[in-house]
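Thank you all for coming.

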Amino acid sequence: MALLADLFRTAVTFAGAVVMTIVCAAAVMIVSRLSPRSHAVERIIRLWSRTWLLLSGTRLRVVGAENVDTSRSYVVVANHESAFDIMACFLALPVPIRFLAKKELFRIPILAQGMRAIGIVEVDRQARIAIHEQLNAQAKELIAAGRSVIIYPEGTRTRTGELGPFKKGAFTIALGLGLPLLPVAIDGSYEAWKPGTFLIRGGREITVEILPPIETDECGDANELRDRARDVIARALRAQS
């Protein structure tokens, strides 16, 4: 019975979310063209995110929003459990954020145009060295527009439990831009929508805990910054469980 309920919830979520994605993508393309820095773009993004969670029956709990200075830009780093992490972070963080997306997503009509309109960073994982120059350049553009960039240095987890190793790129970008690093711990999204499956399990809760920022001038290099961020996220996740 529970499986049938989850299948129904999944069908409703995808049907509604696809429609909302088309509507919101069209809306942000129009608004971005008329007024690129309009706050309406952020409201549309949050509406899109809220629709996904509402349709799926997923609750969002936010802890630590007071740690964010809304007048500053950040390089946000978070553990990554599920596709729901994107929607949860758009809603939880009180600053406008943009994330990195695989180039394959930019092959999807409407979605691709919408992502480009709001400044989502396109990543070609095969580019290797060139990718770092691309990320640095696009991150600078986002910061100049008063936005923050969120990076999931762990990659997507395939199971719950201990964090995987963090890649160094996000921390190199933070140091290069001289921006504070904002660690975020996400718990519960894996149970709501496991990576690699289409089945959404309704009635779950996602906790997004925003931890105190780390000033990059307090760290000697990217390795130290990475280790500090991973440590505080891991401790937060252990405390949540």
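This is a predicted model: local features need pLDDT of at least 70, side-chain atom pairs count only at pLDDT 80 or more; totals for chains, interfaces and linings use all residues.

Let me begin with a term: a residue is called buried when its relative accessible area is under 20%, exposed when that area is over 50%, and partly exposed in between, using a 1.4 Å probe and protein chains only. Helices, which are DSSP runs of H or I with at least four residues, and strands, which are runs of E with at least two, are numbered from the N terminus. With that in hand, the buried residues of α4 are A112, G114, M115 and I118. Seen down the axis of α4, these buried residues fall within an arc of 165°, so they line one face of the helix; the arc is that of the directions from the helix axis to the C-beta atoms. Among the elements that cover the buried residues of α4 are α1, α2 and β3, where contact means heavy atoms within 4.5 Å. After α4 comes G119, whose phi is positive, near 95°.

Residues are numbered from 1 along each chain as its sequence is written, and side-chain values use heavy atoms, with hydrogens and water left out.

Now to the interior. A nonpolar core is a set of buried Ala, Val, Leu, Ile, Met, Phe, Trp, Tyr and Cys residues joined through side-chain atoms within 4.5 Å. The largest one here has 45 residues, and those with the most contacts inside it are V76, F84, L93, I97 and I150. The elements that give two or more residues to this core include α1 (2-34), α3 (84-92) and α4 (111-118), and α3 gives the most, with eight residues. Leaving aside residues up to four places away in sequence, F84 touches W52, L53, S56, T58, S189, A192, W193, I200 and I206. There is also a second, separate core of 27 residues, which includes L142, I151, A174 and L179.

Which residues does T10 touch, not counting those up to four places away in sequence? They are F198, L199 and I200. T10 lies in helix α1 and is buried, with a relative accessible area of 3%.

For contrast, G169 in helix α6 (residues 169-177) is partly exposed, with a relative accessible area of 27%.
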